[in-house]
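Let's take a friendly walk through one protein model. Have the sequence and the 3D view ready as you read.

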Amino acid sequence: GKYRIDEVIGSGGMGRVVRASHLYLQQSVAIKILLPQMAESASTVSRFLREAQATVNLKSEHIARVIDVGTMHDGTPFMVMEYLEGNDLNQILRHHGPQPPPIVCDLMLQACEGIGEAHARGIVHRDLKPSNLYVCRRTNGAPMVKVLDFGISKLSPKTPRHASLKPITVVRSSLGSPIFMAPEQMRDASQV
C-alpha cells in the first residue's frame, strides 16, 4: 500500500525485482518479490526472509540496504531495498570486456570491505559472482560496488545473534553458482 510499481527491472527463477516509488516519500526503491510458485515452499520463504535478516544490520556502504519486508495480500513475501542505478559486473564484462587492473583492484577491495563486515557478523554470502556485484556511482562520479543477493547466505550459529536460527540447507544440497563456488562449498554447503 505504500509503493507504486513503476517497472520490472529483473527476473529470475525465484523472483522478480521491480522499481517502485514510495508514495509518501517520493523516493525510488527496488522491491524483490518472491514468485507465487516459489512462495509455496516453506524453505524458500524462510531463505527469502533470512536474506532480509542477514542484510538489514549490515552498515557497509558496499552492501545493498534492505529498507522493509512484508507480504502482499496473497501472502507472497517481498523485500524493499535501496534503488541502485548502474550495472552488475557481469553486464559490464559482457559489454565492455576485461577492465583495467586499477579499476578491478578498487572494485574488488570495495566488495571485500562489504563481505568483511558480513563475515565479522557471522554471515557467509555463498554466491559471490560478477552478477551479484553491482557497480553504481558515488556523488563524485567514482565507481562504487554494492554486494547483492544474500539469498543463500549462511548465518553462523556460533554467532550469538544467530544461535537460535535453525539451518535451512539440506545435507547434500548444492546452493550457488558452481563456476564461482569455493571447493569446500561444493563438498558440503552446510559447513561453509
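N87 stands opposite V135 in β8. This is a predicted model, in which local features need pLDDT of at least 70, side-chain atom pairs count only at pLDDT 80 or more, and totals for chains, interfaces and linings use all residues. Residues are numbered from 1 along each chain as its sequence is written, and side-chain values use heavy atoms, leaving out hydrogens and water.

Strands (E, at least two residues) and helices (H or I, at least four) are DSSP runs, numbered from the N terminus. Strand β6 is joined to β8 (residues 133-137) by 3 bridges, and the two run antiparallel; strands pair if DSSP finds at least two bridges between them.

In what order do the 3 strands of the open sheet come? The order is β6-β8-β9, with antiparallel pairing. Because β6 (86-88) and β9 (143-147) each have a single partner strand, they stand at the edges, and one side of each is left without a neighbour in the sheet. From one strand to the next, the twist averages 25°.

| Helix | Lies across | Angle |
|---|---|---|
| α2 (residues 89-96) | β6 and β8 | about 90° to β6 |
| α3 (residues 101-120) | β8 and β9 | about 35° to β9 |

Axes are lines fitted to C-alpha atoms, for helices over the stretch in contact (heavy atoms within 4.5 Å). Angles run from 0 to 180 degrees between N-to-C directions.

Now find H62, in the loop between α1 (42-56) and β4 (66-71). Is H62 buried or exposed? H62 is buried, with a relative accessible area of 1%; buried means under 20%, exposed over 50%, and partly exposed in between (1.4 Å probe, protein chains only). Not counting residues up to four places away in sequence, H62 touches several residues, including E113, M144 and V145.
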